[in-house]
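User: I'd like to go through the charged side chains in this one with you. Can we start once it is on screen?

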Amino acid sequence: MSGETNPFESLQEQIDDASAHLDVDTDVIERLKNPERVLETNLTFELDDGSLETIRAYRSQFNGDRGPYKGGIRYHPAVSRDEVKALSGWMVYKCAVVDIPYGGGKGGIVVDPTDYSEEELERLTRAFAKELRPLIGEDRDIPAPDVNTGQREMNWIKDTYETLENTTAPGVITGKALDSGGSEGRVEATGRSTALAARETFDWLGDSIEGKTVAVQGYGNAGSVTAYLLGDLGAEVVAVSDSSGGIHDPHGLDARAVKRHKAETGSVSGYGDCEALTNEELLTLDVDLLVPAALENAIDADLATEVKADVIAEAANGPLTPDADDVLADRDVWIVPDIFANSGGVTVSYFEWVQNRQRFHWTEERVNEELERVITESFDGIVDAYETHDLPNLRTAAYVVAIERVADAYEQAGNWP
Ligand code: NAD
């Protein structure tokens, strides 16, 4: 993993690459490369022994031209201002490429949640929600889960906001538990879109996902669901990993059983009779499809020269450095870009928000059908841009589609004097 590539610079480079193919003013592009505002705050909360601790947190509101800011909240020791800015920008273009009416935002707390009790994490989360309160709202900025956060944290944030505002506003946050206003299908949505995006890509290449061998790096929400849904589509998952290392079985893994093993033991390691392998070995395994589903910069230019997969579907945000992108393009490896592949999470978050606003509950079947429609139609749009403009790769095509939509919304809004 390259620790040196700044994800915010990667985002800006991706926008520059696409802008070269677009007829949008350079001053508008400059606006689209930088966040509108970033909250940096120091959260003080009480530990179980009665002492106080202060921890840094951020919320970046990157762009709201197409609708309320939207994006997750990450709990991780490597969270930084630039990481949050990058992630919030990727949200803007993700929402635009699948044409849902949101801008982009992202938040994070610089914390390793495994160091704290549940009660401490609740106090920390509520302290963050109190700081976020003036910024967020159903029509303003709508957070969601990301790395190391899930339904529990979303429920706490919703409750803090509603209590302080003396109202009910379930649409202030998405990724909630079902009984707290969550949507059917939300937990599986990111993995579902990644699996569908991979299927569409193999189909478009005149091939099929059936029988393809797969390696998945990262076995949390995004990775584990992608793995078992790819299995349902007929692919064969042969290797998976998490932060403790990887496992490999050339005859195929039961991805749901591995998920249960991780839930019971805390890691994928030790499952069945699998051979152990490092994350680097997993990323360079001879498979048809590689799914990075952990963190940014998992594959740098050096590692990219060793990748053997034909297709990489980015479940994680920003898993390839721009240099790795170039190396892989030269080697004719197809990249299914993050802003499209993992867009199922925000798409079903949007469905959750729509249901919250309507005070109505959709069936899981309806959620999954609508998601599949969004993914297949968006893929057609990306391919159309790729072919019509003769673009170098699918990532640039996705950005071309997305930037054009955001720039149009900005220009149509006109200017304040
Ligand atoms: P998660 O916390 O549920 O899982 C993260 C997984 O990555 C864990 O299994 C962890 O052990 C593993 N991991 C961490 N560092 C690793 C390393 N160096 N090597 C191998 N594995 C490592 O998080 P998640 O929600 O699944 O998010 C994963 C990625 O997907 C992130 O980039 C996130 O931004 C992106 N994403 C998530 C969603 C969502 O809805 N959850 C939506 C869009 C994008």
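User: Which residues are linked in a network of salt bridges?
Analyst: Keeping in mind that this is a predicted model, the network of salt bridges links Arg-74, Glu-83, Lys-106, Asp-146 and Glu-296.

User: And how many salt bridges does the structure hold?
Analyst: The structure holds 35 salt bridges, and one of them is formed by Asp-99 with Arg-66, where the closest N and O atoms are 2.7 Å apart.

User: Where do Asp-99 and Arg-66 lie?
Analyst: Asp-99 lies in the loop between α3 (81–97) and β4 (104–110), while Arg-66 lies in the loop between β2 (52–63) and β3 (69–76), so the pair ties together parts that are 33 residues apart in sequence.

User: Is Arg-66 buried or exposed? What about Asp-99?
Analyst: Arg-66 counts as buried because its relative accessibility is 18%, which is under the 20% cut-off. Asp-99, with a relative accessible area of 45%, is partly exposed.

User: Switching to Arg-395, which residue does it form a salt bridge with?
Analyst: Arg-395 forms a salt bridge with Glu-314, and the closest N and O atoms of that pair are 2.9 Å apart. The pair links distant parts of the chain, with Arg-395 in helix α15 (residues 394–413) and Glu-314 in the loop between β11 (311–313) and α11, 81 residues apart.

User: Are those buried or exposed, Arg-395 and Glu-314?
Analyst: Arg-395 is buried, with a relative accessible area of 5%, and Glu-314 also counts as buried, at 1% relative accessibility.

User: OK, what about Glu-377 and Arg-373, where do they lie?
Analyst: Both Glu-377 and Arg-373 lie in helix α14 (residues 364–388), four residues apart, which is about one turn of the helix, and their side chains meet in a salt bridge at 3.4 Å, N to O. Glu-377 is partly exposed, with a relative accessible area of 47%, and Arg-373 is partly exposed as well, at 38%.

User: New topic: which residues form the negative surface patch?
Analyst: The negative surface patch is formed by Glu-9, Glu-13, Asp-17, Asp-323, Asp-326, Asp-330 and Asp-332.

User: Which helices each supply at least two residues of it?
Analyst: Those are α1 (7–19) and α11 (322–330), each of which supplies at least two residues of the negative patch.

User: Take Asp-330 then, where is it found, and is it buried or exposed?
Analyst: Asp-330 is found in helix α11, and Asp-330 counts as exposed because its relative accessibility is 66%, over the 50% cut-off.

Methods. Residues numbered from 1 in each chain as written. Predicted model: local features only at pLDDT ≥ 70, side-chain atom pairs only at ≥ 80, totals over all residues. Heavy atoms only, no water. Patch = residues over 30% accessible without salt bridge, like charges linked within 9 Å, V, L, I, M, F, W, Y side chains within 5 Å. Areas by Shrake-Rupley, 256 points an atom, 1.4 Å probe, with all protein chains shown as cover. Salt bridge = Lys/Arg side-chain N within 4 Å of Asp/Glu carboxyl O. Lys, Arg positive; Asp, Glu negative; His and termini not counted. Charge placed at Lys NZ, Arg CZ, Asp CG, Glu CD. Buried < 20%, exposed > 50% of the residue type's maximum accessible area, 1.4 Å probe, protein only.
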